[in-house]
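Dear colleague,

I am handing over the structure below, and after it I set out what was found in it. Please keep it open beside this message while you read.

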Amino acid sequence: MLNWQCVQGRGMGKLLIHRYRGSKDGCARRGHGKRGPGTSWSIIALARRGQRNDFFTLNFENPEQLSLADSLILADPALRDPNFSRAVLFLTRHSALEGAQGFILNRPLERRVGDLLKEEQFTALADVPVFLGGPVETEELTFGVIRWDEVSQRTVFLSHLSRKAAVEELEEGHEVRAFVGYAGWSAGQLEAELLQRSWIAARALRSLFDEAHAEGLWRHLLRGMGPWHRLLADMPIDPSLN
């Protein structure tokens, strides 16, 4: 579960980096370098809940409580890594001490499982769409299911399903996907990228399921975060063309 400290507030909702109780030279970029005594960092990310904007802080001084598991991260428009350009990822695991893992949600490969796995045992999963999950271990195919849970009022993502479990989820009417590869970060790597503002953190709200076409998911989610993010969503991929 996501460990957030909630602070009610107003604003445009962009990812903010907040430093307090320290000098302006207290911390270097990417989380490295010397820090002054008492310096602390937190990340403030925005989620939209109905008509209200909620800010959430992640305190880097308490790494055991720093977790974005079960949340989304959206690539900032300035992120030039082609593996993650305008990507939307669901983080299935995150710990500042152990690293993070997730899957890209908006990279459909225009293939079905039946195109890749011809064995009879996969017949029931033949029509499951295949997505590029990330640049790690792209020789592996992983089954996952993503759904909205009415009881807990949150998005549930179950990854690394067995063939039998994937078939059962499909028979229950849930959305099953197959992912080629996944995204992974070593301990402290994602935190450094967050401090560089390479990612925009957001809760996986029900609006995640509003977009019929996966290719438009990044823009769809970003535009729902407020005026500033709407401007970011409408920026061209190459700003020089603007």
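The score called pLDDT is the predictor's confidence in each residue, on a scale from 0 to 100, and it is needed here because this is a predicted model. Averaged over the chain, pLDDT comes to 76, and 69% of the residues score at least 70. Some care is needed with residues 1-57, where pLDDT stays under 50, although the model has 149 contacts beyond four places in sequence for them. Where pLDDT is low, the predicted coordinates should not be read in detail.

The hairpin that the two strands make has four residues between them, and in it Gln153 takes a positive phi, near 55 degrees.

Helix α2 comes next. Its buried residues include Ala166, Val167 and Glu169, and because these cover an arc of only 160 degrees around the axis, they are on the same side of α2. The buried residues of α2 pack against β10, β11 and also β12, which spans 175-185. On the face turned away from that buried side, α2 carries the exposed residues Lys164 and Glu171. After the helix comes Gly173, which has a positive phi near 90 degrees.

The charged side chains deserve a separate paragraph. Side chains of opposite charge can pair when their charged atoms come close. In this model the count of salt bridges comes to six, and I describe some of them here.

One of them joins Arg147 and Glu169, whose side chains meet at 2.8 Å from N to O. This pair links distant parts of the chain, since Arg147 belongs to strand β10 and Glu169 to helix α2 (residues 163-171), 22 residues apart. How exposed or buried are the two partners? Arg147 has a relative accessible area of 22% and is therefore partly exposed, while Glu169, at 12% relative accessibility, counts as buried because the cut-off for that word is under 20%.

Another salt bridge is formed by Asp70 and Arg154, with their closest N and O atoms 3.6 Å apart. Here too the pair links distant parts of the chain, as Asp70 is in the loop between β4 (52-59) and β5 (71-75) and Arg154 is in strand β11, 84 residues apart. Asp70 is partly exposed at 23% relative accessibility, and Arg154 is likewise partly exposed, with a relative accessible area of 28%.

A further salt bridge is that of Arg219 with Asp234, where the closest N and O atoms are 2.7 Å apart. Because Arg219 lies in helix α4 (residues 217-223) and Asp234 in the segment after α5 (227-233), the pair ties together parts that are 15 residues apart in sequence. Arg219 counts as partly exposed at 41% relative accessibility, and Asp234 is partly exposed as well, with a relative accessible area of 40%. These two residues also belong to a network of salt bridges that links Arg219, Arg223 and Asp234.

Methods: Residues numbered from 1 in each chain as written. Predicted model: local features only at pLDDT ≥ 70, side-chain atom pairs only at ≥ 80, totals over all residues. Heavy atoms only, no water. Pairing = 2+ DSSP bridges. Salt bridge = Lys/Arg side-chain N within 4 Å of Asp/Glu carboxyl O. Buried < 20%, exposed > 50% of the residue type's maximum accessible area, 1.4 Å probe, protein only. Arc of directions from axis to C-beta. Contact = heavy atoms within 4.5 Å.
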